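Here's a quick briefing for anyone opening this model for the first time. Have a look at the picture, then read on for a pocket and some ring contacts.

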Amino acid sequence: MPYAVDDLADQAGVSVEFLERLSSNIPSGAGRLYHQGIHRKRHGGVREVFCPGSALDAVGKNLHRSFTGLFPYKAPDHVHGFVRGRSTISNASQHLAKGCVLRMDLEDFFPSIDAARVKLALQEQGYEEKAADIAVSLVTIGGKLPIGLSTSPLLSNLIFLSTDLLLAEYAQSEGLSFTRYVDDLTFSSDDVTDRHAEDIARILDDAGWSVNTRKTAFMRRGGRQYVTGLYVGEPDGPRIPRKIKRKMRWILHVISKFGHEAYMAEFGGREEGMRRRRLLGWACYIASVEPDVGYPLLRAFSELVPDDEEYEEDL
């Protein structure tokens, strides 16, 4: 059934008048509808991240819930980003103890999805042209799909679906294991070659996507094989990198010996924002991958590190 503007307003949880006013204000950024931040990437370059104001955030979350219920999109088995029940761990687990792991990264994945692609995708889901135009104005900023809006993850997966299927078909024909976590593509087997990388880049280019060649890497057995931040060189499961485990154990040692307040003030904790919530978050993540390492950290940090509110008062 086609969706008109009235339907879109219902899905957004607001009136048609409010929806149209909101959509017309977004291009100019009027009314503090969003804030823009610049984050430096770890390997160079910057990433624009948008933080929606309360009105746009509420509408975006309602649209995300509506899109999730209305769209017939089902994530292929190889897609692990923004999919309930899947994670960096499930993604990395598909590439254990392989002879070679090929990592390829999409260039500016979210911003490379322009308003025209988003509109086409919405029309294919049944939105009439005017409704699609208004929806596009609500889910894009500056004519691009932004990082930070609730609707971007689902829309990115939906728009990439046809390419996902092409890549999965190619991987199967070549005997490669393949996963995608957002813009991180990983292929593995006992023999991944330059030809495979060239074929994959050609498939992506033909579909309108670009490869960040600076981040393409062949990781061979016996070397540094990392997939979505986890070591995959062992057959029994992914591992937390040793560097991270050493750092967390060092932090625990410092806190045990000198206290959390001294760690924050004198050992770099404040600069890294290592308050209770973040330390427990790291420990929980490590525990989800390596329970024998993570749970002792979690118990120790829980006992030694004060609640954030108590720490703020002490400051």
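**A pocket and its rings**

The second largest pocket holds about 340 Å³ of space. This is a predicted model, so local features need pLDDT of at least 70 and side-chain atom pairs count only at pLDDT 80 or more, while totals for chains, interfaces and linings use all residues. Residues are numbered from 1 along each chain as its sequence is written, and side-chain values use heavy atoms, with hydrogens and water left out.

**The pocket**

- A pocket here is an open set of points on a 1 Å grid over the protein atoms alone, where a 1.4 Å probe fits, with protein on both sides within 12 Å along at least five of seven lines. Its volume is the space filled by probe spheres set on the points, which are joined across faces, edges and corners.
- Residues with an atom within 4 Å of a point count as lining, and for the second largest pocket they include H64, Y73, F82, R84 and N157.
- That lining splits into six nonpolar, three polar and three charged residues.
- Both α3 and α7 (152–174) supply at least two residues each to the lining of this pocket. The top contributor is α7, with three. Helices like these are DSSP runs (H or I, at least four residues), numbered from the N terminus.

**Ring pairs**

- You'll find 14 aromatic pairs in the structure. Rings of Phe, Tyr and Trp (its six-membered ring) pair if their centres lie within 6.5 Å, and planes over 60 degrees apart make the pair edge-to-face.
- F71 and Y127 are an edge-to-face pair, at 6.4 Å centre to centre and 85° between the planes. F71 is in the loop between α3 (54–70) and α4 (88–92) and Y127 in the loop between α5 (115–124) and α6 (129–139), so this pair ties together parts 56 residues apart in sequence.
- W250 and Y263 have ring centres 6.4 Å apart and planes at 75°, so they're edge-to-face. W250 belongs to helix α9 (residues 242–258) and Y263 to helix α10 (residues 260–266), so the pair ties together parts 13 residues apart in sequence.
- Y263 is buried at 1% relative accessible area, whereas W250 is partly exposed at 39%; partly exposed means between the buried limit and 50%.

**A cluster and a charge**

- F82, F109, F110, F160 and W209 are linked into a cluster by ring pairs.
- R117 has its charged end over the ring of W209, 4.1 Å from the ring centre. To sit over a ring, NZ of Lys or CZ of Arg must be within 6 Å of the ring centre and within 35 degrees of the ring normal.

Conventions: Phe/Tyr/Trp six-rings, centres within 6.5 Å; stacked < 30°, edge-to-face > 60°. Buried < 20%, exposed > 50% of the residue type's maximum accessible area, 1.4 Å probe, protein only. Nonpolar A, V, L, I, M, F, W, Y, C, P; charged D, E, K, R; others polar.
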